[in-house]
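Below is a set of questions and answers on how the terms used for this structure are applied. Each answer sets a computed value against its definition.

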Amino acid sequence: MAETLLSLLLVNSSAKGPSLVFRWPPVPESSSRLIRPLPHVCGSELDNPWRAAHHNAISTGTTNGFEQRSHSRHDLPQDADSYVWRTSSGVRDRTRSFSRNRSTQLPSSGRNSPSKGDSFDDEYEEGTAADEYHSIFDYPTQFLSKMLCPQRALCHQRFELVIDDLAFIGHPVSAEDDGAWRFKSEKSKSISRGRGSRNRDADDNKSERSVNGELRSTPQNRNSWLHMFHFVLVLDLPDPSSAASGNIAKYFHVIYNQIAFTVTAVLFQEQVLSNFVETECDILGALEAESIAKGEAFSTYVSHALQVSSIAAAMKTLFESIKSSSMACITLNNLPLELQLPPYLDYLLHNEEEYGLDFVDHQGDEDEARVWGRDLSFGWHLPALAPWKSLLLLDADDALDPYTNLRGPHVRPDERDHADRLVKFLETASVTLSLADMASLLDWDLDSEVFPAVRWLVHHRRAKLVDVVHSGLKTIFSLSPKFNTALSQLSTEFKEMFPQHIVPPLPELLATISAASSKQTDNHFFAAVVRSKEHIPLYHDVVLWMLKHDLLYTLHLHVRIVATSELKVRVREVHERKLELLGGRRVRGGRPSKLLEPESPMDKRPGNPGIAWLSLSPKSARRYSRRIPSVESELGSEISGSYADKEKDEEDVTEESDEDNVGWGTAEDTISPSMIGDPGTASPLQRRWLAAMSEGKDGYIARRFELINQYFDGKRTDDEILYRAEISRKQLREVLHHYEEYLQTFLHPS
């Protein structure tokens, strides 16, 4: 929604001058910027701060049960006229299709602050019925019409005007110099019109168009009394201090692109093709003149205008839809049009901490924005468009029913094939199937066919992206922290939708789901609520209803890897033992090895000269040991086994890479338990820990753990792990069971 939207205006200009054709709402009001208490006439007031805080209650006459005398102009001191701010009830002369003279001359500009000597008649203070036609936002309509009808050189481009606390955004368009309405050629459209174009005069602009491009003729190129029209959105100027730098400009830009420019483009097209806007202006102008002549109230005129003018009805529908943050389905000259604003657009005007939901991982990086597209990458707060997500089709009105629209007669023959494919996709879509499953069933390409269909449905609010729901409802849900609708209203609708006695009331159902989500076992929806396979179809509809009303969100399994103290000690002992072998020593039971003992007489015998083992490298020592005669008969089988074990250990040492010595002695090398934050980019020491976790495990389990441990970073959901690793849920549970001592699992939204 756009909380700052105050009104929609349609202004036109003719030979008689500019005029306001229609507005909605009939009597728009801007928010008060400053409220101060009136001075009291009965001496000093001891509790002025309290009076300022309860000014509205005082002005109505009662506060806290005590009668209070409301202030009037006669209660103020004689010099209070300069203290009270008033506006004149300005009325403009009607020049569109009638003339009306007034005996009193009214100011031509708006909001004039009165001086001391000014006097105000009761007639002006009370106003007349005609004043409702000629005043808006305390300004004369003629004044605003002049401001909103720029020169022709400034048309066909973005228009933005700020007056006091009001911002006017639109895209004025005009007829050509000969009075005819035509489309511009592509060459003329490419001419850039920046701020510098405002200084060009009409002659320069005319010559530029004649040189750079010609105007193509249209079916309706006759002269028209309508010179210009301007569809305007009036916004309450946001407080710059309430938003981050640049957000207000971005806020205006989105409203201009999505609403002002789109509506103007359609109106301009229909004016060129069928003189539609001029006809509507004639109808509304004649109706307004007739209502004023009869002395009818402005509300009566507005009611009649909504019945006879499609533009008036479209402006009403558009305004109400924007304020309710819903899709506006309007019709202009029998041309259907759907308009909307991003649902989270107003968040730009507030601090992120005020609305931020830290438990929802809204797509925030540029890659996800590219996946959703430009129209959905801003102000939508959509989850990541991923193959493991699912699609929930929303209930639509008859006018917005995709099946009716796609099968209607207005679909062109060349688009019929695409429409039929989209209908087939809608019939296949289910919350129990992932987008990847849908692509497989339809034999569609995921990126080029499925994702575009999902983007179209989400953008037009026919569907929403959700997590996959288990076909047997064995999905763990939790309650949304905030309901968009009052619980009492939701309970009434829920009871009407599910009157079966086996379905508990909505508050009781919500309490059961909330309690189940905190359990360690039997915490899924089937175990907590359904409890019988016969009730699955009924409760499947219940879950869909709750998801459509944003009452539930899915909890997913996330996994992280913990390197325990025992694991680190074991890895360190292996590393130290290999270092000792590299240095020529091996400790057994705390006693020095034979390599450190003094030379024995046996070593001095011929054929076995003394060898400086510590001076030899491991490879040289191994080569030398292979050349010496066997001493098994002289030293016994124990010494022979010692040489064999030593040779095997030395071979293992020589096969170590340089990475094996990286990380030791650093801050990471501790015996305290620690988390491996990102196993996919683990350090050499962390990889040694991961490898040690698989010691003693079956080969196929160890290989599967090595394949999927890169996704155990606490951020990937179980659905994502299953999709990326291409394994079943049973295989994932098997790995989690065998490596339970090293894994931390928890439930969290995606």
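Q: What makes the contact between Glu320 and Lys316 a salt bridge?
A: The closest N and O atoms of Glu320 and Lys316 are 3.0 Å apart, and a salt bridge is defined as a side-chain nitrogen of Lys or Arg within 4 Å of a carboxyl oxygen of Asp or Glu, so the pair qualifies. The model is a predicted one, in which local features need pLDDT of at least 70 and side-chain atom pairs count only at pLDDT 80 or more, whereas totals for chains, interfaces and linings use all residues. Residues are numbered from 1 along each chain as its sequence is written, and side-chain values use heavy atoms, with hydrogens and water left out.

Q: How do you know that Glu320 and Lys316 are separated by about one helical turn?
A: Both belong to helix α11 (residues 310-323) and are four residues apart there, which means a separation of about one helical turn. Helices (H or I, at least four residues) and strands (E, at least two) are DSSP runs, numbered from the N terminus.

Q: Why are Glu320 and Lys316 called partly exposed?
A: Buried means under 20% relative accessible area, exposed means over 50%, and partly exposed lies in between (1.4 Å probe, protein chains only). Glu320 has 37% and is therefore partly exposed, and Lys316, at 24%, is therefore partly exposed as well.

Q: What makes the salt bridge of Glu734 and Arg704 a tie between separate parts of the chain?
A: The side chains of Glu734 and Arg704 meet at 3.0 Å, N to O. Glu734 lies in helix α30 (residues 729-738) and Arg704 in helix α28 (residues 699-708), so the pair ties together parts that are 30 residues apart in sequence. Glu734, at 25% relative accessibility, is partly exposed, while Arg704, at 14%, is buried. Elsewhere, salt bridges that share partners join Asp713, Arg716, Glu720 and Arg724 into one network, and the whole structure has 17 salt bridges.

Q: Why is His558 called buried, and what does its side chain reach?
A: His558, in strand β17 (residues 556-563), has a relative accessible area of 3%, so it counts as buried. Its side chain reaches the backbone oxygen of Gly714 at 3.2 Å and the backbone oxygen of His748 at 3.2 Å. Not counting residues up to four places away in sequence, the residues that His558 touches (contact means heavy atoms within 4.5 Å) include Lys715, Thr717, Phe746 and Pro749.

Q: How do you know that the buried residues of α16 lie on the same side of the helix?
A: In helix α16 (residues 435-442), Leu435, Ala436, Met438, Ala439 and Leu442 are buried. They cover an arc of only 160 degrees around the axis, which puts them on the same side of α16; the arc is that of the directions from the helix axis to the C-beta atoms. The face turned away from the buried side carries the exposed residues Ser440 and Leu441.

Q: Why is the ring pair of Phe705 and Tyr739 called stacked?
A: Rings of Phe, Tyr and Trp (its six-membered ring) pair if their centres lie within 6.5 Å, and planes under 30 degrees apart count as stacked, over 60 as edge-to-face and the rest as tilted. The whole structure has 18 aromatic pairs. The centres of Phe705 and Tyr739 are 3.9 Å apart and their planes are at 10 degrees, so the pair is stacked. Phe705 lies in helix α28 and Tyr739 in the loop between α30 and β19 (743-748), so this pair ties together parts that are 34 residues apart in sequence. Both Phe705 and Tyr739 are buried.

Q: What makes Lys697 count as a charge over the ring of Tyr739?
A: A charge sits over a ring if NZ of Lys or CZ of Arg is within 6 Å of the ring centre and within 35 degrees of the ring normal. Lys697 lies over the face of Tyr739, at 5.1 Å from the ring centre.

Conventions. A polar contact is a pair of N or O atoms within 3.5 Å; within protein, one must be able to donate a hydrogen and the other to accept it, and residues adjacent in sequence count only if both atoms are side-chain atoms.
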